[in-house]
Amino acid sequence: MNSARMIFKYWLKSKKYFLLQFIFLLLSTIFYILAPIFIGRMVGALDPSQTISTNLNKLLISFFFVVLFALLTYFFNRAARLRGAEVSSSAIYYLRKDINNAISRQSFSYFDKTETGQLISRTTSDVEETQQIFGMGLTLGLQSTLQIGGIFIGFLLFSIELMYFLIIAIVSSLILSYYIAKKLKPIFLETRDSFGDLTNTIQENIVGAEVVRMFSTQNKEYQKFLKNNERFYNASVDSVKYNSLYMPTIYIVIGFMTTFTFIIGGISIIEGMMKLDTLITLIAYNAALGFPLMMLGQIMLVYIQADAALTRVREVLESAPEIKDLPDAIPITSLNGDIEVDNVSFGYTSGKRILKDISFKVPSGKILAILGTTGSGKSTIINLIPRFYEVSDGSIRIDQKNIRKYLLKDLRRNVGIVSQETFLFDKSIADNIAYGKKDATLDEIIEAAKTADLHNFITSLPKGYDTRVGERGTRLSGGQKQRLSIARALIIKPKILILDDSTSSVDVETEYRIQKALSKIMKKTTSIIITQRISTIREADYILILDRGRVVGFGTHDELIKSNVLYKQIYETLYQKQTNRTNYEEES
Amino acid sequence: MNKTEEEPKEIIKPNASARRRFMFEGDKSKLEHQRKELWKWIISYLKPFRGKFSLYMVFLLIGTIISALSPIIAARIIDKGIITGDTYFTLFLSTIYISLILLIAITSYISQFGMGKISQKVTYEIRNNLFFKLQNMSLSYFDQRSSGDIISIATNDVTILNQLVGGQFVQIITSFVSIFLTIIFMFILNPFLALISMVIFPLFFTITHLFRKVAIGFFKESRKTIGKVTSSIQENIAGAKVVKAYGQEERASSEFDEANKANYYAMVKIRKYMATIFPLISLITTVLTAGILLAGGFVTLGNVSIFGITVSVGVLSAYITILGQFFRPFMTLMQIQQIIESAMAASDRIYTLLEEKAEIPDPISAKVFDKVDGNVEFSSVSFGYVFDNNIKGDSKLKTIKPMTTGNDSMVRRIPSETILRMVKLLERMIRSKSRFKQSGGIEAEGRGMISSDMSKMSLQSILRILATISIPPEIFEQIPKNVKDTINEEKTLIQHEQVAGFVLRNFSLKIAAGTTLAIVGETGAGKTTITKILTRFYDINSGKIQIDGVDVREVTKKDLRSLIGLVPQDAFLFTGTIRENLLYAFDKITPEIEEKMIRVSKFLGLHNFIETLHKKYNTKLKENGSNISIGQRQLIAFARALITDPKILILDEATSSVDPYTESLIQDALNKARKGRTTIIIAHRLSTIKNADLIIVLSADMKRIIEQGDHESLLALNGKYKRLLEMQHREIEIDN
């Protein structure tokens, strides 16, 4: 799809208004073209060869018509623009809606691949850049085209010879506009690019001011900036160069048209082939030609600018989601929570496997602890269970059924996952906790908060559960955010609970309380916990040790400590590290 | 328009709506500078282009004059050529007509392009100056403002100024000339018709007034709604994974839809309003034209001669053309106020930034370090961010709220004689102080005059009292000038302290070369501040800091900072490759340096990670290294500092949770790196603190060191250190 088709597609979202707008514009143009005829007649009424009363009649009648047509033009033009307001505003509305839907359709991998900042700019500033083409492009584009057409018909009626000149004038000005617009396209892109780089350099020198000063690299940065500033300057001058061509082009086209009208019309009058009225009408037409020609040129330019933005927007709109429901996906009514991972391999990109042949089983109600170094694939494996990513090979079964067979939404509603990165919404604490359960009662919210050991903190806040967490949770500490996301996961009463190192920022005592509270819940759910804490490992029914994407140990603590060298090592290091801490705490 | 709320320093892209935010700003805004001064400043940038600028101006005026004149020529063609049947004259004048049009086209192209080029050059210069300024700005400047605001000055505001210089400034002049000339020509053509045409003025005024008045409100509303749309979609993107994990896509969409709909309604409202206003121009023009023709017709047909002038066909046709174009310069002039207002506000912000005091320059005859061992000594250093020498003192003071200490009951209790007595004592003290240069024997001198308890008070405490109570004006007048000044000074000082006050007070500390110092203390105790004053990001208010006996203020900042390797809390990385970031300190990259880069990376355990990346050292880092983990970012920042072989190493440990694996990497790296270096660590983790040669505990309340020693001795103290360690793994409940 190209941008022009896309623009029309969104305009036509409100077909009725679009059609009405067109009809009203057509009517307004007709009256707009008729008025100069009567203006011409008014001047023609000064003809000394006629009687005064004839002339006076002609003058008054023509005046009446001019005013009438002006009023009708206003009325229909306004009517058309009112419809146009609906059409263009709803075009933007639907475009935004589609973008938002496209985003909410995407799978996790999409957000890994696409930079957040870029995605945001595509959905906000890029859309804003298309506002003009959707608005001005519509009303003024249609109106200008119709007016030029009307003027053309006018010339056709009054002077065939001048009509040929008009064709030349219109065509040449459109070609010139097109030429300018085409020249401006790469310049426009360069302006945008260099401006972006320019802004980025400024930004980095503000945010990274300390680093720049520390290394005394002011000069280096200044040179970098200078280069971008020069690029931007050159591109801007180029753009001024071509932009400045528009007005003179129109002057010349209209100037020639008027001159020819004087010459050809004048000679015709002198030879008695044309009336003075007509000449005046034609001169008025010429004057009316400038604005629509100019507008069409501008619209071409606006289109070219919007084209770049629309192309980027389309990339978002057209990217297909990777993970979808199967056509015969089944809903989940109740779940036991038996998890079986069978020979699973996975890679974010097709070339590199992060997980290789992973197999393990966790029966309903049991706890699995996963151990491993950074990059061993711990977080990856838990992301496969709620189908955030699709396995590359092998299968994952819950209650003996491949997870692909379930409705995605149902599957995810039964899995409570607390990931490392805790994103909170710019809502109240209560709303954040109840995020996955819209109809949660306050009691449920409090219960979840209590389990996550957050209730006391929340009640200590002046607004309690109604306290708004700042955007991205800025007003809460890391540990509080973690606890809040634990509560958020608990409130949906998941059959499968996954905790990804989710108490890393919580102090030992609190962690202990949370664990105690959780252990009650964990009896009823299957739990998978990624952790570094000895106490958690000891409580787990099974332990899975990962190393570079492979399972290097699986079993109970007692089994592993005897048979698995790696486990023994890890356990001992962790033990030492943590007793260091606890020893000290005992001292105090 | 100036954001008052503090924003975190984060990457904020100026978006399209911000770019337009000044367009409909409305009425006169408060400016920091006089308009005259701002104009002078703008014009100073145009000075180098004086010649060209005047030339283009002349061209423009020629174009304007000709285009105002062309309807008269057209009238001549009709009257003298066509109506009289003179073919030759018609052709002759038509040729002149088209030549003039061509002349307009050429002059308008040259002048538009030329003016555009000048204004681009001007804004290019302004941007350069702005950037240069920012590079020399003291860090406190960035502390007080959000980066988004500063960026907006350097980009959006400069763009607005560009519009003024490049187009609108000139358009304003030509519009005036055009309107002026057109009116004159109208009167020359026919004064009677010209008079009637003047009806257009009130009509156009009404339209533009209507438009402005209502549109400003509408635009504000639409900006608000678009802001909501943006933040909603931002949240949906940033929190996409959570939305999905909880299967809340529908809800997220419906929330977005609400914001989107509100924006839709606002937009429709604006567009509908415009739909009513804009076609009015055409209506007025046409009806007025018809009116003129009618009047002209009556005059001619009735053979009435007003002012002895008759109306010709040519004149009427000239009026048709003139009235058809009249509204254009009008529209421009109607927007003048807005244009100038927004440009003035923009230049005001730019000019304010450019006028801001820069960092304290290096001493003229700077000392040079020869061989540095790395002995660091702080001697009774006091520092507070509000006292910073770089802040524009006056403007800061104005914002401080009046003191509330002088409550009425207090005043009543202190009789005016007592106040006067205190003043007298104070005066004496000040005088004797300046005589003896010390405050030793003053008390004895003052005794006898005043009650014994008051005589025990020090100069400082009397001053305090006088500065905190509200002295009735009639008494205040009696106070001698030098005392008055001292009291006022003290008042200012108190106000400063009330706002933020000292972060460090009388801070003294010696760090021997090659040893490791660990700094602990709660948030706000001034841990990071110590590193910032050592690197002279901020200058201290009193005392001195020496490295190997040399005051840090006596050497150039460049020299000083080249001694120090700083790994800040939030490791900032630049857009570019990992290699570029690691070798950031170097201008020229030699094979030896590259070798060293790899050596250091291996040393820090960073090399293995980099090798796993697709493009290894040439992997591009996105904005602020967002495509690698925090721990990795920190390791890169660590390596970047180590490559320069700093004599002094400062490590501000990140509080954010780094995974245990990376944590131990950083830990091991640090233990290796600190050999042979003076190392200052702001520590949060026990393992780091334990190995330090010296540990100091800072207190946020006392603004100084409250405990120092090594780990064992501090534990034995059973004081703050021990308590802090206990809390170490507990959360600081509310960050701010």
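Which helices and strand of chain A each supply at least two residues of the lining of the largest cavity? Keep that one in mind as you look around this predicted model.

## The largest cavity

Here's the reply: in chain A, helix 18 (508–522), strand 8 (526–530) and helix 19 (534–539) each supply at least two residues of that lining. Helix 18 of chain A gives the largest share, six residues. If you want to find the spot in the structure, look for L499(A), Q515(A), M522(A), I529(A) and T536(A), which lie nearest the centre of the cavity.

In total, 19 residues line this cavity, and its volume is about 210 Å³. What classes do the lining residues divide into? Eight are nonpolar, seven are polar and four are charged. The count for the model comes to eight cavities of 30 Å³ or more.

## Where the two chains meet

Now for the interface. On one side, 155 residues of chain B are in contact with 156 residues of chain A. The area buried between the two chains is about 14,000 Å², and carbon and sulfur atoms give 66% of that.

## Salt bridges

Over all chains, the structure holds 22 salt bridges. One of them runs between chains, from E86(A) in helix 3 (residues 52–105) of chain A to K272(B) in helix 10 of chain B. In this pair, the closest N and O atoms are 3.0 Å apart. Why does it make the list? It counts as a salt bridge because a Lys nitrogen only has to be within 4 Å of a carboxyl oxygen of Asp or Glu, and the E86(A)–K272(B) pair has its closest N and O atoms 3.0 Å apart.

Across the interface of chain B and chain A, the rule finds two salt bridges. So if you're tracing helix 10 of chain B, stop at K272(B): its partner E86(A) sits in helix 3 of chain A.

Note on methods
Residues numbered from 1 in each chain as written. Chains lettered and ligands numbered in written order. Predicted model: local features only at pLDDT ≥ 70, side-chain atom pairs only at ≥ 80, totals over all residues. Heavy atoms only, no water. Contact = heavy atoms within 4.5 Å. Buried area = accessible area lost by both parts, 1.4 Å probe. Salt bridge = Lys/Arg side-chain N within 4 Å of Asp/Glu carboxyl O. 1 Å grid on protein atoms, 1.4 Å probe; cavity = no way out; pocket = protein on both sides within 12 Å on 5 of 7 lines; lining within 4 Å. Points joined across faces, edges and corners; volume = space filled by probe spheres on them. Helix = DSSP H or I, 4+ residues; strand = E, 2+ residues; numbered from the N terminus. Nonpolar A, V, L, I, M, F, W, Y, C, P; charged D, E, K, R; others polar.
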